[in-house]
Amino acid sequence: ATVVKTSAIYRSARTGEPEVQYAAYVNVGSQWNAVRLGWHDHLVKLTSSVAGIEAAVSNAESLTAGFVKKGGPEDDVIAETSFDITMYAMGWRDKLMGPSAQYEGFPTWQVITKVSGPEPAYVTTAICATSAALTIVLDKI
């Protein structure tokens, strides 16, 4: 796309004619991106049939260069993981009076929450699901 654009500018400057309008369908950007795009295309084609899915699942470790393992992470790896996330929210401090009521104006309250915990998969999923359920129950009381 850069070569086409540069050529169009050069042609326009030399002849005085307006630049040719064009649009690039795909801009790969680098050879590495081209390799990744080709690999992704290969995996999409591979997993478009039942036999391909079975082959991908049975060879997941070799297809992903060891990033995906059939058995999941080791226990010591899980024990060493943790996460921190900071969330920003805006809203209103007061509850609405009913389900059809609407807030007027812009949010009047801001909150910043930092959540941290053990490994972000199994343990934290259960903690978050339980906390969300408690929030829903207690909010309706």
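Author: Gladly! Keep in mind that this is a predicted model. Let's begin with contacts: leaving out residues up to four places away in sequence, Glu119 touches Ile78, Thr81, Ser82 and Thr124.

Reader: Where does Glu119 lie, and is Glu119 buried or exposed?

Author: Glu119 sits in the loop between strand 2 (109-117) and helix 6 (122-140). Buried means under 20% relative accessible area, so Glu119, at 7%, counts as buried.

Reader: Thanks! Now the aromatic residues: how many aromatic pairs does the structure hold?

Author: A pair of aromatic rings is described by the distance of the centres and the angle of the planes. The structure holds one such pair. Trp92 and Tyr103 form it, and they are stacked, with 4.2 Å centre to centre and 5° between the planes. Trp92 and Tyr103 both lie in the loop between strand 1 (83-91) and strand 2, so the pair ties together parts that are eleven residues apart in sequence. Trp92 is partly exposed at 29% relative accessible area, and Tyr103 is partly exposed at 32%.

Reader: Which residues make the nonpolar surface patch?

Author: Tyr25, Val26 and Leu37 make that patch, of about 420 Å². Val26 belongs to the loop between helix 1 (2-15) and helix 2 (31-46). Exposed means over 50% relative accessible area, so Val26 counts as exposed at 60%.

Reader: And the backbone: what is the phi of Ala65?

Author: Ala65 has a positive phi of about 55°, although it is not a glycine. Ala65 is found in the loop between helix 4 (60-63) and helix 5 (75-80), and its relative accessibility of 66% makes it exposed.

Note on methods. Residues numbered from 1 in each chain as written. Predicted model: local features only at pLDDT ≥ 70, side-chain atom pairs only at ≥ 80, totals over all residues. Heavy atoms only, no water. Patch = residues over 30% accessible without salt bridge, like charges linked within 9 Å, V, L, I, M, F, W, Y side chains within 5 Å. Areas by Shrake-Rupley, 256 points an atom, 1.4 Å probe, with all protein chains shown as cover. Salt bridge = Lys/Arg side-chain N within 4 Å of Asp/Glu carboxyl O. Helix = DSSP H or I, 4+ residues; strand = E, 2+ residues; numbered from the N terminus. Buried < 20%, exposed > 50% of the residue type's maximum accessible area, 1.4 Å probe, protein only. Contact = heavy atoms within 4.5 Å. Phe/Tyr/Trp six-rings, centres within 6.5 Å; stacked < 30°, edge-to-face > 60°.
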